[in-house]
Amino acid sequence: MCRSCEGSSQEELLAENAEIIAEHGYLVTGVGDGDPPHWTYTVGLLDLVGHPELVVAGPHLEVAGALINRIGREILEGRSFAPGDVLALPDDGGTVRFGRVHSIQHRLGTFNMWHALADRGDVRATKLEVVQVFAPRTAICRCELCRQPDLSRPESRVGVAPLPPRGRARRGR
């Protein structure tokens, strides 16, 4: 269950998240309950090492959080990732792709925790920069709900279940 559902106030959540950033350098926050689509992103990489924040859209929170932390450790060791880059994960974990994030995502509330912490002064960066991480297909389940929307496309959204197939695709089932 999420902390809000357990009765924590918004201010308490922000204070707890600020403590995590102070202790670990950055925070991985996940959004969504139950079935996907979910999204998970970092808060603090910009301040800590000047690297754009990371977002994984679609997969279950546990998978996305583990992937972001794995990539976060690479970044803390000096690596940098930009749209178009790829990262081969060890032990045949597949290949991660990185993509850009359309500016509309910043206005849709996709990164509310980042903005709330910035408003409190817990994040010093003045402009949010984000790179999307596409998890390898081998890392996520193959259900329709775990699709990974491409956040570089202005029509892409997180937190919205995929639409059912239309027309011929639906009749073919």
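# Buried Residues, Helix Faces and Contacts

Student: Which residues of α1 are buried?

Tutor: In this predicted model, the buried residues of α1 are Leu13, Leu14, Asn17, Ala18 and Ile21. The word "buried" is used for a relative accessible area under 20%.

Student: What makes the buried residues of α1 line one face of the helix?

Tutor: Seen down the axis of α1, the buried residues fall within an arc of 135 degrees, so they line one face of the helix. The face turned away from that buried side carries Glu19, Ala22 and Glu23, which are exposed. For "exposed", the relative accessible area must be over 50%.

Student: How do you know that the span of α3 agrees with the value of 1.5 Å a residue?

Tutor: Helix α3 covers residues 61–76, which is 16 residues, and should span 22 Å at 1.5 Å a residue. Its end C-alpha atoms are 22 Å apart, and therefore the two values agree. Helix α1 (residues 10–24) can be checked in this way too: its 15 residues reach 21 Å from the first C-alpha to the last, close to the 21 Å expected.

Student: Which residues of α3 are buried, and what puts them on the same side of the helix?

Tutor: The buried residues of α3 are Ala64, Gly65, Leu67, Ile68, Ile71, Gly72 and Ile75. They cover an arc of only 165 degrees around the axis, which puts them on the same side of α3. After α3 comes Gly78, whose phi is positive, near 110 degrees.

Student: Why is Val96 called buried?

Tutor: Val96 lies in strand β5 (residues 95–100). Its relative accessibility is 0%, and the limit for "buried" is under 20%; Val96 therefore counts as buried.

Student: Which residues does Val96 touch, not counting those up to four places away in sequence?

Tutor: Val96 touches Leu67, Ile71, Asp85, Val86, Leu87, Leu89, Val133, Phe134 and Pro136. Val96 and Leu67 are 29 residues apart in sequence, while their C-alpha atoms are 9.2 Å apart in space. For the chain, residues 24 or more positions apart account for 54% of the contacts with a separation of 6 or more.

Student: Why is Thr29 called buried?

Tutor: Thr29 is found in strand β1. Its relative accessible area is 12%, and "buried" requires a value under 20%; Thr29 is therefore buried. Leaving aside neighbours within four places in sequence, Thr29 is in contact with Trp39, Thr40, Tyr41, Val43 and Met113.

Student: Why is Val49 called partly exposed?

Tutor: Val49 is found in helix α2 (residues 45–49). Its relative accessibility is 40%, whereas "buried" means under 20% and "exposed" over 50%, with "partly exposed" in between. Val49 therefore counts as partly exposed. Together with Leu48 and Leu76, Val49 makes a nonpolar surface patch of about 230 Å².

Student: How many helices and strands are there in the chain, and how many of its residues count as buried, as a percentage?

Tutor: The chain has 6 helices and 6 strands. From the N terminus on, the elements run α-β-β-α-β-α-β-β-α-α-β-α. Of the 173 residues, 42% count as buried. The accessible surface of the chain comes to about 9700 Å², and 49% of that surface belongs to carbon and sulfur atoms.

Terms used
Residues numbered from 1 in each chain as written. Predicted model: local features only at pLDDT ≥ 70, side-chain atom pairs only at ≥ 80, totals over all residues. Heavy atoms only, no water. Patch = residues over 30% accessible without salt bridge, like charges linked within 9 Å, V, L, I, M, F, W, Y side chains within 5 Å. Areas by Shrake-Rupley, 256 points an atom, 1.4 Å probe, with all protein chains shown as cover. Salt bridge = Lys/Arg side-chain N within 4 Å of Asp/Glu carboxyl O. Helix = DSSP H or I, 4+ residues; strand = E, 2+ residues; numbered from the N terminus. Buried < 20%, exposed > 50% of the residue type's maximum accessible area, 1.4 Å probe, protein only. Expected span 1.5 Å × (residues − 1). Arc of directions from axis to C-beta. Contact = heavy atoms within 4.5 Å.
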